[in-house]
Amino acid sequence: MQKHTITAIICLAGAIVASAIAGSSFLAMRKPDKIIRGPGVTEIKMLSEWFPDLKGSPGDTEVYIMEGADNGVSMLVLGGTHPNEPASHLAAILLIENFLPRTGTLYVIPRANASGFTANDPQEGAPQHFTIETPNGLRVFSYGSRATNPIHQWPDPNIYIHASSGQTLSGSETRNLNRGYPGRADGTLTEKVCYGIVQLIKEQKVTITVDLHEASPEYPVINAIVAHPKAMQLASDTVLGLEMQDIKISLEPSPVNLRGLTHRELGDFTDTLPLLMETANASQGRLRGRTDEALVLTGKDKWYVRAAKLGRLYVPYDENGHPIEERVGRHVTAIAEIINSWNWEHPETPLEFDNIPGYEDLLSKGLGAYLLPVQ
Ligand SMILES: [Zn+2]
């Protein structure tokens, strides 16, 4: 056999091995994370129950229902609108595995953009998964993409035109769930998911909707609640409640001219009171250094410490980083404060839940203490 033929066979064999390893690693992301049905969950439905067109599509996703005594009041929590913001879906999972409903109903969608969990963003070097230790073993969670998997929605247009306003954004934003509301029944997969969530809110007459996010530490709206004008009273009471617990948080009004986002469109198109929350996640930031599981979980990054010293950030940043316990703790505690604030204003129709993990407990015991064993 000729020498170059042998070289070609070796190269081809190497390419086959590399593709097999990479392929199985990519395919592994299509398997959804295990979420354990907590004792407070009364029913699990799929979003397609509210919009049947989603059935069997990669946009269909679980809706965990925790139903207490019916007084007509309910809350919807959206985790995983952006699957590269881990405190968002982890906080939603914590509610599912811990909260016990007493009065009113809680709906939790932990993977609002289910398709976005099946891939991660190219050229970001983000880990595909991260692991949390619990007293009963390890729990593994996906670190997904900001947007719908392009395999499920392709191609992107050059310019994304938001359907109901005509707002134009860059083409890839067509796969961003938080630019697609109120959605369209005959739109893209992303718009259909938005439409399904809007149908749920309308049919269930959801009183309050909370959309959980994280943002880069250099992004101006961070450690913040963004509220639609009609949810401003609820949001300002919540901010006061958090400040009384020494949790610094700012309040931002939903910009009128930024369209397609939950805190704008859900307020304009439905009767729900929409709020959006942001925490600081270095692993999605542009100034970060090495990007690995440790960065996702601890937020420790020397470049962000340096940026903070130069006054370039909108959140405090030191050698302690922003650990996942703090970020999930901020989300869960804010949800508890939103409930308190609602009850303060509406004592005759309260929302009441037991077994809500406390902020200090989360910081001292860690997230693992609040995650159930995998059955
Ligand atoms: Zn986000």
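Gln-123 sits in the loop between β4 (100-109) and β5 (129-134), where helices (H or I, at least four residues) and strands (E, at least two) are DSSP runs numbered from the N terminus. Although Gln-123 is not a glycine, its phi is positive, at about 65°. With 83% relative accessibility, Gln-123 counts as exposed; here buried means under 20% relative accessible area, exposed over 50%, and partly exposed in between (1.4 Å probe, protein chains only). The model is predicted, so local features need pLDDT of at least 70 and side-chain atom pairs count only at pLDDT 80 or more, while totals for chains, interfaces and linings use all residues. Residues are numbered from 1 along each chain as its sequence is written, and side-chain values use heavy atoms, with hydrogens and water left out.

A positive phi, near 45°, also occurs at Asn-223, again a residue other than glycine. Asn-223 belongs to the loop between β9 and β10 and, at 11% relative accessibility, counts as buried.

Turning to the metal site, the zinc ion is coordinated at 2.1 to 2.3 Å by His-82 (ND1), Glu-85 (OE), Glu-85 (OE) and His-213 (ND1). Donors are N, O and S atoms within 2.8 Å of the metal (3.2 Å for Na, K and Ca); water is not among the atoms, so sites may look incomplete. The angles among the four donor atoms run from 58 to 152°, and the site is irregular. Four donors count as tetrahedral if all angles lie between 85 and 135 degrees; four count as square planar and six as octahedral if opposite donors are over 155 degrees apart and all others between 65 and 115, and anything else is irregular. Along the sequence, the donor residues follow the spacing H-x2-E-x127-H.

Helix packing comes next. Helix α4 (residues 232-243) packs on helix α8 (residues 324-345) at an angle of about 120°, the axes being 8 Å apart. Axes are lines fitted to C-alpha atoms, for helices over the stretch in contact, and angles run from 0 to 180 degrees between N-to-C directions. This makes α4 oblique to α8, given that angles under 35 degrees count as roughly parallel, over 145 as roughly antiparallel, 65 to 115 as roughly perpendicular and the rest as oblique. Residues making the contact include Leu-234 and Leu-242 of α4 and Ile-338 and Trp-342 of α8, contact meaning heavy atoms within 4.5 Å. Helix α8 also meets α2: their axes come within 9 Å and cross at roughly 55°, and the two are therefore oblique to each other. Among the residues in this contact are Leu-90 and Leu-94 of α2 and Val-328 and Ile-335 of α8.

Helix α5 (residues 262-269) is largely enclosed by the rest of the structure, because six of its eight residues are buried. Its buried residues pack against β3, α3 (189-203), β9, β10 (224-227) and β12 (273-280).

Finally, the loop between β6 and β7 holds Pro-155, joined to Trp-154 by a cis peptide bond with omega near -5°. Gln-153 lies in the loop between β6 (137-142) and β7 (159-161) and, at 8% relative accessibility, counts as buried.
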